[in-house]
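Subject: Structure for you to look at

Hello,

Here is the structure I said I would pass on. Please open it first, then read the notes below it.

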Amino acid sequence: MKRLGTGIGWRPEIADAVEAMPGVDWVEAVAENLCPGHLPASLLRLRERGVTVVPHGVSLGLGGADRPDAGRLAALAERVEALGSPLVTEHIAFVRAGGPGTFSPRLEAGHLLPVPRTRDALDVLCENVRIAQEALPVPLAVENIAALFAWPGEELTEGQFLYELADRTGVRLLIDVANLHTNHVNNGEDPARALAELPLEALAYVHVAGGVERDGVWHDSHAHPVPAPVLDVLADLASRVTPPGVLLERDEDFPGPAELEGELAAIRAAVERGRTGSRDSARCSGRPTEERPAGEPVRRRLALDQTALLSALVAGTPAPEGFDRARLAVQTGALAAKRAGVVAKVAPELPEILGAAYRPAFLAYAGTRPMSGGYRRDALDFAAHLLEPGAPADARVRREVRAWWRERSGPVPRSRRPVVRLVRGVRRTVLGR
């Protein structure tokens, strides 16, 4: 495995700071935010300097009941090749559910949700990972996620689940120590036990990030400084194995370059602290085990379970039996808040038009309208909702939202020429659209 060194998550908001930052060996970029034919100039300059760029996917849903979508895999492979990356990463999570055979419309979470640590779910995940590995041109590494709640009736610990996944598929592991800390606070899981159970020789690299605790629940916000307990988990991991790479993630409330550099220094110090007390505890998983495909009944059971959970989180249906309803309520609020925040980024004109009314209006909309497509579709649907009869908006807001919706929803941009707009309007009227 290539030694990556110390890196930082590349985001447009801090692109200039990352370019100027000393000691950054590599960066990671969210794959879905990149267009292979039009890569950001900042990333191109970093590549020209020899800085490795790793695409980090968030939408495959490898832990879902469905097999990975061929189109999404092809898009991820295209980004790998455009960046010349040595590996690509994704998450052990499900992000959508519903559809044929589940008695529910297709639902999108807009977020990474935990997979039940059961034998059935593991069988499905292993098959999905193998499908992805065959479609991608470089090695795949998968990341453990943070969870606000736990599934009832789990059969494996997080370490056991990840160990068997790596053993059966040969997939690399991206270990997020901040997520281990999150699961410790929220679900009582011991990070040291998880690290002791992992096949650390399969480690691709490590994520480090900050979060915040509210009402006894830890939120993996990526918008706060890295706390000492997360650095302690990193030091524990570094005492067991030398990480090929360690990367700082920050997605919101970006601080100045000096603070980011200070966090990178703290990460290096934690790794060094772990090395001084290093111990050889990596477990050898040997060659990947022969894998049998997960049967369709297994996939169907998992589909029904995940659909029931996601429907409770985004559509207001009753919580499935065995779940902590208070925790599910926290997750519901977090999902709606994330939707509001991402839509504001995708369509910044909408918060500008609505002003202070944007957030309460969107949260009210989200409470009754589950997301069924991506965030761009969500923005268009929200705008259409604001234009429905009886929607609480004054004439100016409706006029500006209608103009925005027409500009974005058609197959071609809205023309600035009045004659062209008139012709298109007549055509829509005649065709009943």
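Two residues are in contact when heavy atoms of theirs lie within 4.5 Å. Keep in mind that this is a predicted model.

With that cut-off, and leaving aside neighbours within four places in sequence, Val208 is in contact with Val177, Val226, Val230, Leu234, Val246, Leu247, Leu248, Glu249 and Ile267. Val208 also belongs to the largest nonpolar core, which has 78 residues. Along with Ile8, Val27, Leu140, Leu165 and Leu234, Val208 touches the most other members of that core. Helix H4 (residues 119-135) is the biggest contributor there, giving 7 residues. There is also a second, separate core of 22 residues, with Leu350, Tyr358, Phe362 and Trp404 among them.

Next, helix H8, residues 228-240. How far apart should its ends be? At 1.5 Å a residue, the 13 residues of H8 should span 18 Å, and the end C-alpha atoms are 19 Å apart, which agrees. Of these 13 residues, 10 are buried, so H8 is largely enclosed by the rest of the structure. Val230, Leu231 and Leu234 are among the buried ones, as are Asp236 and Arg240. The elements covering the buried residues of H8 include strands S8 (172-176), S9 (203-208) and S12 (245-248), and helices H6 (177-187), H7 (191-197) and H9 (257-276).

Last, the record. An unreviewed UniProt entry annotates residues 304-387 as "domain: SCO6045-like C-terminal". In the model, residues 304-387 are 71% helix and 0% strand, with the end C-alpha atoms 34 Å apart.

Regards

Conventions:
Residues are numbered from 1 along each chain as its sequence is written. This is a predicted model: local features need pLDDT of at least 70, side-chain atom pairs count only at pLDDT 80 or more; totals for chains, interfaces and linings use all residues. Side-chain values use heavy atoms; hydrogens and water are left out. A nonpolar core is a set of buried Ala, Val, Leu, Ile, Met, Phe, Trp, Tyr and Cys residues joined through side-chain atoms within 4.5 Å. Buried means under 20% relative accessible area, exposed over 50%, partly exposed in between (1.4 Å probe, protein chains only). Helices (H or I, at least four residues) and strands (E, at least two) are DSSP runs, numbered from the N terminus. UniProt positions are given in the numbering used here, feature names are shortened, and annotations may be inferred rather than shown by experiment. The expected span of a helix is 1.5 Å times one less than its number of residues.
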